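Please keep the model open while reading the points.

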Amino acid sequence: MLAESRCLILGLLARSVIACLFLFAAAPTQAAEPIKIGFGMSLTGPLSANGKMSLVAMQIWQDDINAKGGLLGREVKLVYYDDQSKPAQVPAIYAKLLDIDKVDLIISGYASTQIAAAMPIAIQKKKLFISLFGTGINDSFDYPKYFSMIPNGPTPKPAFTRGFFKVAEAMKPKPETIAIAMADAEFGRNACEGAHQNAQASGFKIVYEKGYPPTTTDFSPIVRAIQAVKPDLLVICSYPLDNVGMIRAMHEVGFKPKMWGGAMVGLQATVFKTQLGPLLNGVVNYETWLPVKSMEFPGSLELLKKYQERAKEAGTDPLGYYMPVWAYAYLQVLGDAIAATKSLNDDVLADYLRKTTFHTVVGDVKFGKRGEWTEERTLAAQFQNIKGNSIDDFRDLKTEVIIYPPKYKTGEVIYPYEKAIAK
């Protein structure tokens with residue numbers, strides 16, 4: 001009986017040892033550290049409308065990729081901090097991500113000012129850096145591991161207003177003079193440098209070209225100064241809160257150039273659309289993507305549906321026509337590169353990004369010189385026939401008509417501006 005007990009005990013011990021061996025064998029796969037992707041994002045402050053909707057789309061990508069088993073057999077984890085829309089906060093965030101959080105890879109937050117502030121850290125640490133909506137950032141850095149997720153093509157500065165000028169120069173009689181106003185900040189300067197080039201190429205005489213401090217809150221004096229030189233056209237390159245103030249000032253002063261708009265960030269976000277409502281009628285501004293038939297790229301509408309389901313709980317843009325597809329796409333590009341190269345090495349990934357065409361929710365993406373897209377696809381759209389300030393006024397895309405380029409057009413421009421506001 002003693003011998004039988006010993007045999008039983010030995011048998012149980014053997015089975016326990018075998019079970020432990022199986023557990024240890026499985027442990028590396030189950031307990032592997034996640035792949036950490038770090039970034040700062042504007043979740044408060046004036047850039048937060050676009051930053052918050054970008055984050056929701058990025059979290060959808062994280063969930064989608066992890067539902068498929070992650071990357072390299074590991075879960076993917078987004079590590080992020082609120083940069084409060086302040087460029088001064090950005091360097092410390094990226095230093096923390098790399099030195100303390102030990103993230104594997106970094107990507108940018110939203111907007112040129114934040115991207116430019118992060119670039120020195122990325123360069124110093126020799127990290128791959130994919131940016132989200134930066135304009136001409138790499139013109140001054142010329143960093144070989146920088147790639148830009150924005151459809152501005154090889155000449156990013158003029159791209160924002162190219163459609164505006166192409167439409168304006170086709171009007172009859174052709175307008176002759178133009179005013180250019182800009183926020184004295186990274187995006188404003190870059191986009192209006194491009195507007196200057198476009199004005200010269202189109203043969204328009206520049207009668208006003210000035211910047212204003214980013215702290216400006218009263219735009220009536222600026223509008224009156226522009227009105228005094230009587231330009232046919234007006235291009236504005238500025239950030240969300242500025243543009244709300246500028247549009248209100250245009251109506252208060254009663255200034256009616258033949259066409260105006262250009263590179264006004266924020267008018268793509270529902271919060272500003274509903275705030276301004278009919279005051280937007282006639283404004284011609286840049287766009288990047290809208291859920292219209294000509295821009296239904298694989299997965300774009302499915303993503304939009306997922307985004308809209310999460311938007312209310314996240315307290316962000318209920319429509320999500322602007323940033324979500326782009327925020328998802330720049331992570332798609334990074335994820336596809338990791339999967340294809342089976343590597344997290346920054347040099348290996350950068351080399352793959354340089355030579356590959358990626359199929360994303362914003363269509364095919366191919367990077368060229370200085371990390372910009374090889375082909376330009378920035379749109380010009382005009383707000384038309386807006387009756388009220390509800391979300392439904394903007395859910396119907398008849399109120400935001402793509403007028404350039406011809407490949408994506410959904411309607412015709414109403415010109416001059418006075419006709420658009422008389423409807």
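1. Which residues does aspartate 139 touch, not counting residues up to four places away in sequence? The answer is Lys157 and Arg370. Keep in mind that this is a predicted model.

2. Now place that residue. Aspartate 139 sits in helix H5, which covers residues 138-141. Its relative accessible area is 30%, so aspartate 139 counts as partly exposed; the class lies between the buried limit of 20% and the exposed limit of 50%. Aspartate 139 and glycine 371 are 232 residues apart along the chain. Their C-alpha atoms, however, are separated by 9.9 Å.

3. Next, the overall picture. The protein has 15 helices and 14 strands. Its C-alpha atoms fill a box of roughly 110 × 45 × 35 Å along the principal axes. Of the 423 residues, 57% are buried. Take the contacts with a separation of 6 or more: 69% of them involve residues 24 or more positions apart.

4. The sheet deserves a look. Five strands form an open sheet in the order E2-E1-E3-E4-E5, and the pairing is parallel. Strand E2 (76-82) and strand E5 (146-149) are the edges, each pairing on one side only. From one strand to the next, the twist averages 20°.

5. Inside that sheet, check the pairing of E1 with E3. Strand E1 spans residues 35-41 and strand E3 spans residues 105-110. The two run parallel and are joined by two bridges. Isoleucine 37 has leucine 105 of E3 as its bridge partner.

6. Helices pack on this sheet. Helix H2 (residues 48-67) touches E1, E2, E3 and strand E4 (129-132). The direction of H2 makes about 165° with that of E2. Helix H13 (residues 346-355) lies across E3, E4 and E5. H13 runs at about 50° to E5.

7. How do H11 and H12 pack, and at what angle? Helix H11 (residues 300-314) and helix H12 (residues 324-341) meet at about 115°, and their axes are 10 Å apart. The two helices are therefore roughly perpendicular to each other. That class takes in angles from 65 to 115 degrees. The crossing of H11 and H12 is right-handed.

8. Who makes this contact? H11 supplies Ser300, Leu303 and Tyr307, while H12 supplies Pro324, Val325 and Tyr328. By type, the contact of H11 with H12 has five nonpolar residues, one polar and no charged.

9. Strand E11 (residues 357-360) and strand E12 (residues 363-366) run antiparallel, joined by four bridges. The hairpin connects E11 to E12 through two residues. Within the pair, histidine 359 has aspartate 364 of E12 as its bridge partner.

10. Is serine 220 buried or exposed? Serine 220 has a relative accessible area of 11%, so it is buried; the limit for that class is under 20%. Serine 220 lies in helix H8, residues 220-228. Leaving aside neighbours within four places in sequence, serine 220 is in contact with Ala249, Glu252 and Val253.

Notes
Residues numbered from 1 in each chain as written. Predicted model: local features only at pLDDT ≥ 70, side-chain atom pairs only at ≥ 80, totals over all residues. Heavy atoms only, no water. Axes fitted to C-alpha atoms, helices over the stretch in contact; angles between N-to-C directions. Parallel < 35°, antiparallel > 145°, perpendicular 65-115°, else oblique. Left-handed = near helix turned anticlockwise from the far one by under 90°. Contact = heavy atoms within 4.5 Å. Nonpolar A, V, L, I, M, F, W, Y, C, P; charged D, E, K, R; others polar. Pairing = 2+ DSSP bridges. Buried < 20%, exposed > 50% of the residue type's maximum accessible area, 1.4 Å probe, protein only.
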